[in-house]
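Here is a short briefing on one predicted model. Please keep the sequence and the 3D view side by side.

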Amino acid sequence: MTKLLLTPAEAADQLGLGRSTVYELMAAGELESLCIGRARRIPCDALAAYIERLRGQQNGSAA
């Protein structure tokens, strides 16, 4: 069964970024995250949404 929520470290691994960068993206509101108790989790679909936003920004600036 596939995980629905990832830890920041797991999300960083999936994105190929550092854990600190993922925390910065969450703090800036660029990467959606949820607070469950004291734990911070990132929905898997939030990674895809973040990548799509990046693509849109880069494609928009290239035009």
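Helices (H or I, at least four residues) and strands (E, at least two) are DSSP runs, numbered from the N terminus. This is a predicted model, where local features need pLDDT of at least 70, side-chain atom pairs count only at pLDDT 80 or more, and totals for chains, interfaces and linings use all residues. Residues are numbered from 1 along each chain as its sequence is written, and side-chain values use heavy atoms, with hydrogens and water left out.

**Helix 2**

- Just after helix 2, Gly29 has a positive phi of about 80°.
- Val22, Leu25 and Met26 are the buried residues of helix 2; buried means under 20% relative accessible area, exposed over 50%, and partly exposed in between (1.4 Å probe, protein chains only).
- Seen down the axis of helix 2, these buried residues fall within an arc of 100°, so they line one face. The arc is that of the directions from the helix axis to the C-beta atoms.
- Ser20, Glu24 and Ala27 are exposed on the other side of helix 2.

**Helix 1**

- Pro8, Ala11 and Ala12 are buried in helix 1.
- Viewed down the axis of helix 1, its buried residues fall within an arc of 100°, so one face of the helix is lined by them.
- On the other side of helix 1, Asp13 and Gln14 are exposed.
- Gly16 follows helix 1 and has a positive phi, near 75°.

**Glu10**

- Glu10 belongs to helix 1 (residues 8-15).
- Its relative accessible area is 26%, so Glu10 counts as partly exposed.
- Neighbours within four places in sequence aside, Glu10 is in contact (heavy atoms within 4.5 Å) with Lys3 and Leu5.
- Glu10 and Val22 are 12 residues apart in sequence and 9.9 Å apart in space, C-alpha to C-alpha.

**Ser33 and strand 2**

- Ser33 sits in the loop between helix 2 (19-27) and strand 2 (34-36).
- The Ser33 side chain makes a polar contact with the side chain of Arg40 (3.2 Å).
- Not counting residues up to four places away in sequence, Ser33 touches Met26, Arg40, Arg41, Ile42 and Pro43.
- Ile36 lies in strand 2. At 46% relative accessibility, Ile36 is partly exposed.

Notes:
A polar contact is a pair of N or O atoms within 3.5 Å; within protein, one must be able to donate a hydrogen and the other to accept it, and residues adjacent in sequence count only if both atoms are side-chain atoms.
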